[in-house]
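Here is a short tour of one protein chain, written for someone who likes to know how each value was defined. Please have a look at the model first.

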Amino acid sequence: QVQLVESGGGLVQAGDSLRLSCVASGRTFNNYDMGWFRQAPGKEREFVSAISRSGGRTTYADSVKGRFTISRDNAKNTVHLQMNSLKPEDTAVYYCATRRNPSDIYGLRIRRDEYDYWGQGTQVTVSS
């Protein structure tokens, strides 16, 4: 059974940084791409970033490009999201996600419905 557990959220001021972590268990971590999504109150869950199984390929939503960095440590079954220059509009619950199927030739996925397993989420609140 795949389990994803996020941590690292909190309350910060605009311009501050946070580092989110997601620990995965239940299968061979380095066979699978990983993603981060977020959901603000009253809004749909949206894509933030994704990383390939080796860490060699990454992709970002335009809204976070240049401020957020995704990385992974396959030895620790962990994926991170370093968030710098945070803005009030980054306030949301952040979710770690992965797919049922291993990495393939079709590239990183950015649609919510392409991910099968989700963590419980961690709250990030950015005050102005």
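## About the model

This is a predicted model, in which local features need pLDDT of at least 70 and side-chain atom pairs count only at pLDDT 80 or more, while totals for chains, interfaces and linings use all residues. Residues are numbered from 1 along each chain as its sequence is written, and side-chain values use heavy atoms, with hydrogens and water left out.

## Overall fold

The protein chain has zero helices and eleven strands; helices (H or I, at least four residues) and strands (E, at least two) are DSSP runs, numbered from the N terminus. Its radius of gyration, taken over C-alpha atoms, is 14 Å, close to the 14 Å that the globule rule gives for 128 residues, so the chain is as compact as a globular protein of that length. That rule is 2.2 Å times the number of residues to the power 0.38. Along the principal axes, the C-alpha atoms fill a box of roughly 40 × 25 × 25 Å.

Of the 128 residues, 43% count as buried, where buried means under 20% relative accessible area, exposed over 50%, and partly exposed in between (1.4 Å probe, protein chains only). Among contacts (heavy atoms within 4.5 Å) with a separation of 6 or more, residues 24 or more positions apart account for 61%.

## The nonpolar core

A nonpolar core is a set of buried Ala, Val, Leu, Ile, Met, Phe, Trp, Tyr and Cys residues joined through side-chain atoms within 4.5 Å. The largest one here has 32 residues, and those with the most contacts inside it include Trp36, Phe68, Leu81 and Tyr94. Strands that each supply at least two residues of this core include β4 (34–39), β7 (68–73), β8 (78–83) and β9 (92–98).

Which residues does leucine 81 touch, leaving aside its neighbours within four places in sequence? Among them are Leu18, Leu20, Trp36, Val48, Phe68, Ile70 and Tyr94.

Tyrosine 106 sits in the loop between β9 and β10 (117–118) and counts as exposed, at 65% relative accessibility. From phenylalanine 68 it is 38 residues away in sequence and 24 Å away in space, C-alpha to C-alpha.

Asparagine 77, in the loop between β7 and β8, has a positive phi near 55° without being a glycine. Its relative accessible area is 26%, which makes it partly exposed. Serine 85 lies in the loop between β8 and β9; this non-glycine residue has a positive phi of about 50° and is partly exposed at 43% relative accessibility.
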